[in-house]
Amino acid sequence: MTQAAHVTEIIQERLTPFPKAHFLAAADLNPPAAMALLDLADAFVDFNRQSAKGIDLMRGQTVVNLFFENSTRTSSSFEIAAKRLGADVVTMPVASSSVKKGETLIDTAVTLNAMKPEILVVRHSASGAVDLLSQKVGCAVVNAGDGRHEHPTQALLDLLTLRRSFGDVGGLTVAICGDVTHSRVARSNIALLQMMGANVRLVGPTTLIPSVARRWNVEIFHDMKEGLQGVDVVMMLRLQMERMAGALIPSTREYFRFWGLDREKLAYAKPTAKVMHPGPMNRGVEIDSDVADDLSVSLIQDQVEMGVAARMAVLAALAHRRAGDE
C-alpha cells in the first residue's frame, strides 16, 4: 500500500458524524466528539503534506462561503479545505452582492436555500446572525465568526496545534492575553480548552476584560508579568480597534509597553512555554516580531497549517452526518 493510500484509509477509519446539524459554537461539541475531530484532523495534516491532496469525501456537494466581513485567512482556509475534500466551492462576494442593495439576511437565506448547497460557511459582524441563518436554511451551517460571540473552528485548530505540540491539552495552563472584550476567538477557546481539561487565565487591562468573565471559571490578571507566571501557553489576541467604542487604551505604544508580548514578559512563563496568535498580528502592538518569528517558541505558523486540516475535519464530519440522515 502506498503512503497516500494508507493516509486515505486512516481518514476513512476516523471519519465519524458531527454531533449536531450545525457547528455554531464550541458547546456544540463534547469531549468525545472533540477528540474524534482532532484525530480526524491529525490524519488530514498528514494528507495535506502529500504532493497529491485530493480526496472525494464530498464529491458532488456544494460548499458556499458567505463572508459579510473581510477575512482572507479564514475564507481561503475554508475554500482550500472544501476543495481538497472534492466539493464544489462558491465564495460569494458580499461587498458586491444584493446585500449591499438592501437585501436582508433572511432574503439571502431564502435565496441560498433555493440553490441547495450542502454546507454554508458564514462570517458576520452581528452576534447571533449565523444562528439565525441556520434556522432558515436546509443545509449545515458553520460559524466562521459572528460579532463578539464565537469562532469555533479557530478554537478547534488552536486545540489541534496545542495537542500536536504538547501531546495532551489536559492540565496545561493557557494565558489568553489582550483584547478579550471584543474577541470571539477568546470565547470559543475558553470553552473548548476548559472542555478538554486545560486551565485558562485571562490577562489584560480592566477596560479589555469583560465583567462577565468572572462567571467563566477563569483566573483574571491585570498585570502581564503576574498573569504569565508559570504558564505553558501564551495566546495573544489582536487589539480590535475597529470594534472599540471610545478610547479603551491610552495609545498603541503604551499598550505594547504594558501588554505587548516581548522577551522580557515571556520570561515569566515556563521555559518550555509556547506562543500563539490567531492572526492577523499587529506587530509591535500586541506582540514583538522577535517573539512571533522565533520558531523555537512560536506556534503561529503551525496554527495556519492546522487551520486547513481542522476545517477539513469539520466539513467532512458534517457531510458524513448529512449522508447518514438521508
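Student: Which strand does β1 pair with, and over how many bridges?

Tutor: Strand β1 (residues 62-67) pairs with β2 in the parallel sense over 5 bridges, where two strands pair if DSSP finds at least two bridges between them, and strands are DSSP runs of E with at least two residues, as helices are runs of H or I with at least four, both numbered from the N terminus. Within this pair, valine 63 stands opposite valine 89 of β2. This is a predicted model, in which local features need pLDDT of at least 70, side-chain atom pairs count only at pLDDT 80 or more, and totals for chains, interfaces and linings use all residues. Residues are numbered from 1 along each chain as its sequence is written, and side-chain values use heavy atoms, with hydrogens and water left out.

Student: What's the strand order in the sheet?

Tutor: The open sheet has 4 strands in the order β2-β1-β3-β4, with parallel pairing. Its edge strands, β2 (88-92) and β4 (140-146), each pair on one side only.

Student: Switching to helices, at what angle do α2 and α12 pack?

Tutor: Helix α2 (residues 31-48) packs against α12 at an angle of about 125°, and their axes are 8 Å apart; axes are lines fitted to C-alpha atoms, for helices over the stretch in contact, and angles run from 0 to 180 degrees between N-to-C directions. That makes α2 oblique to α12, because angles under 35 degrees count as roughly parallel, over 145 as roughly antiparallel, 65 to 115 as roughly perpendicular and the rest as oblique.

Student: And what does α12 lie across?

Tutor: Helix α12 (residues 300-325) lies across β3 (119-124) and β4, running at about 150° to β4.

Terms used
Contact means heavy atoms within 4.5 Å.
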